[in-house]
Amino acid sequence: MTDVVELITQDHRRMEDLFRAMRSVEEDRAAALREFADLLIAHGEAEEAEVYPALRRYRKVDNDEVDHGEEEHTEGNKALAALLEVPEVGSEDWDEKLEELSEAITHHLDEEERTLLNHARELVADDRRAELGEAFARERERLLKEGCGSLENVRKVIAASE
């Protein structure tokens, strides 16, 4: 399966699972955060490199929605950096930063699924969605292999977006 909409929504569901793991004292919360950080950065950067530019070319897709999605990526990345900076997993500060991250990302996932991804389902032909899915997956995997969720890299991604 390479439909870009399905690949993106699969990542969204995995992010939600990782939020549950990061909240659970029965889970390895630090490992869940590492996986989440890598996934969030790889996912967002792949969307901005491969998916968002393609959606901008469709007249019926509102470019303001694409711009807003990029802004929300930056907000989420800033919240991720704030959590990565907390030295003690499970501390009060960690829990607070986790909730701020969760709110930012959950809002973005919901909004993106209701707007951009629904537009992609309606307006983009199946074969083009498959091509976009392949490009998205390729870029995402490249970034994941680089360990893109390190605090140092998250800071670079934020700086590049501002």
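Here's a quick tour of the salt bridges in this predicted model, plus a look at one alanine.

**Salt bridges**

Side chains of opposite charge can pair when their charged atoms come close.

| Pair | N to O distance |
|---|---|
| Asp17 and Arg20 | 2.5 Å |
| Arg23 and Glu99 | 2.8 Å |
| Glu131 and Arg128 | 3.2 Å |

Start with Asp17 and Arg20: both sit in helix H1 (residues 4-23), three residues apart, or about one turn of the helix. Asp17 has a relative accessible area of 35%, so it's partly exposed.

Arg23 pairs with Glu99, and that bridge ties together distant parts of the chain, with Arg23 in helix H1 and Glu99 in helix H4 (residues 92-114), 76 residues apart. Arg23 comes in at 37% relative accessible area, so it's partly exposed. Glu99 is partly exposed too, at 32%.

Over in helix H6 (residues 126-145), Glu131 and Arg128 are three residues apart, so about one helical turn separates them. Glu131 is partly exposed at 43% relative accessible area, and Arg128 is partly exposed at 26%.

**Ala79**

Is Ala79 buried or exposed? Its relative accessibility is 15%, and the cut-off for buried is under 20%, so Ala79 counts as buried. Ala79 lies in helix H3 (residues 63-84). Leaving aside residues up to four places away in sequence, Ala79 touches Glu100 and Leu101. Ala125 is 46 residues from Ala79 along the chain, with 35 Å between their C-alpha atoms.

Technical notes
Residues are numbered from 1 along each chain as its sequence is written. This is a predicted model: local features need pLDDT of at least 70, side-chain atom pairs count only at pLDDT 80 or more; totals for chains, interfaces and linings use all residues. Side-chain values use heavy atoms; hydrogens and water are left out. Helices (H or I, at least four residues) and strands (E, at least two) are DSSP runs, numbered from the N terminus. Buried means under 20% relative accessible area, exposed over 50%, partly exposed in between (1.4 Å probe, protein chains only). Contact means heavy atoms within 4.5 Å. A salt bridge is a side-chain nitrogen of Lys or Arg within 4 Å of a carboxyl oxygen of Asp or Glu.
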